[in-house]
Amino acid sequence: MNSLNIHKPPKRFEKKFRGWFGSTGLLLYVLPLLAIPATIKAFITGNLSGIIINASGYALFLFAASLLRRGLIAEATYHEKRVTHAPKWPLKTCAAIVVALTTFFIAWQGAQNTFWVAIAFGFDALLGMYLSYGFDPQAEKTVTGAHGYSTEEISKTINEAENVILSIENANHHIRNVEFNNRIDRICNTARSILVELEANPATIRRTRKFLLVYLDGASKVTAGYASTHQQITSLELEQNFRNLLDSIETVFKEQKDKLLEEDLFDLDVQMEVLANQLKNEGVV
């Protein structure tokens with residue numbers, strides 16, 4: 001990533017993320033509220049420096065809370081994955097530094113404490129952040145038996161496949177057919193289970209990569225094409241063609257998951273070629 005924006009976590013992590021953020025990090029959103037009475041008092045008394053100091057403290061504490069939340073999301077994603085790099089940006093550490101400096105500044109200039117007492121307040125704030133949330137993970141998570149593939153390549157394959165799955169799910173939201181919706185959900189769940197297998201057993205990456213990035217992409221194009229076309233025209237033939245394709249995709253995806261576990265390379269390639277030809281010949285997209 002080239003920015004601090006943290007994208008929505010993969011669907012397979014969402015349930016655990018809800019547990020992470022049920023209470024974690026919420027205190028830092030409450031902390032800025034303590035600056036509001038002091039800011040109001042400064043307004044009433046006409047204390048311009050007090051207004052600036054307390055309003056700035058309020059904004060900086062909110063900024064730190066936002067950094068912390070993003071850092072917790074990045075850390076949760078890191079811990080859930082078996083193969084990944086450490087988070088690119090040390091967001092939790094940055095949040096801790098912002099809180100410490102803001103606390104020091106308010107204690108020194110706002111509360112008029114001595115410089116060293118303000119330093120103590122800032123250090124206590126930094127220590128509190130560390131004890132409450134820790135700092136950011138630093139180590140790269142690698143695996144043995146990757147058969148010459150780097151952590152970067154494995155992680156990139158998984159992330160690209162997850163993006164394709166999300167595109168299928170987005171297209172599925174525009175399809176007004178419960179039967180098709182349920183089938184597409186099952187296809188996506190099967191694809192995600194293959195991602196889990198890839199993380200656990202990177203030896204399958206060559207076959208998994210071909211399956212996920214070629215044939216999963218074909219399923220994505222078929223789904224997006226039908227989602228767009230069926231809103232413009234009503235055709236029983238189009239609907240049946242799409243149903244036939246979903247039958248094949250769902251069956252072959254499940255078979256490929258089993259064959260990946262069995263490492264049955266020959267049957268795997270044959271079945272994927274059959275699916276590829278059907279995707280091409282049905283003409284749904």
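I took buried to mean under 20% relative accessible area. At 18% relative accessibility, T103 therefore goes into my notes as buried. The model I am reading is predicted.

**Entry 1: the chain as a whole**

I looked up the secondary structure and found 11 helices and zero strands. Read from the N terminus, the order of elements is α-α-α-α-α-α-α-α-α-α-α. The chain has 285 residues, and 41% of them are buried. I also checked contacts with a separation of 6 or more: 76% of these join residues 24 or more positions apart.

**Entry 2: T103**

I went back to T103 and placed it in helix α5. Its side chain reaches the backbone oxygen of V99 at 2.7 Å. Leaving out residues up to four places away in sequence, I listed F61, F121, G122 and A125 as the residues that T103 touches. F61 is one of the α4 residues that meet α5, while F121, G122 and A125 are among the α6 residues in the contact with α5.

**Entry 3: α4 against α5**

A packed helix pair is described by the angle between the two axes and the distance between them. For α4 (residues 48-80) and α5 (residues 91-110), I noted an angle of about 165° and axes 7 Å apart. The two helices are therefore roughly antiparallel, as angles over 145 degrees count as such. The crossing of α4 past α5 is left-handed.

On the α4 side I listed I53, G57, L60, F61, F63, A64, L67, L68, R70, G71, L72 and E75. On the α5 side I listed L91, K92, C94, A95, V98, V99, T102, T103, F105, I106, Q109 and G110. Sorted by class, this contact has 15 nonpolar, six polar and three charged residues.

**Entry 4: α5 against α6**

Helix α6 covers residues 115-133, and α5 packs with α6 at an angle of about 155°, the axes being 8 Å apart. This pair is therefore also roughly antiparallel. The crossing of α5 and α6 is right-handed.

From α5, the contact takes in K92, A95, A96, I97, V99, A100, T103, F104, A107 and W108. From α6, I noted F115, A118, I119, F121, G122, A125, L126, M129 and Y133. By class I recorded 16 nonpolar residues, two polar and one charged.

**Entry 5: R243**

I then turned to R243, which lies in helix α10 (residues 236-262). Setting aside neighbours within four places in sequence, I found R243 in contact with E179, F180 and R183.

Definitions and conventions: Residues are numbered from 1 along each chain as its sequence is written. This is a predicted model: local features need pLDDT of at least 70, side-chain atom pairs count only at pLDDT 80 or more; totals for chains, interfaces and linings use all residues. Side-chain values use heavy atoms; hydrogens and water are left out. Axes are lines fitted to C-alpha atoms, for helices over the stretch in contact, and angles run from 0 to 180 degrees between N-to-C directions. Helices (H or I, at least four residues) and strands (E, at least two) are DSSP runs, numbered from the N terminus. Angles under 35 degrees count as roughly parallel, over 145 as roughly antiparallel, 65 to 115 as roughly perpendicular and the rest as oblique. A crossing is left-handed if the near helix is turned anticlockwise from the far one by less than a right angle, and right-handed if clockwise. Contact means heavy atoms within 4.5 Å. Ala, Val, Leu, Ile, Met, Phe, Trp, Tyr, Cys and Pro count as nonpolar, Asp, Glu, Lys and Arg as charged, and the others, Gly among them, as polar. Buried means under 20% relative accessible area, exposed over 50%, partly exposed in between (1.4 Å probe, protein chains only). A polar contact is a pair of N or O atoms within 3.5 Å; within protein, one must be able to donate a hydrogen and the other to accept it, and residues adjacent in sequence count only if both atoms are side-chain atoms.
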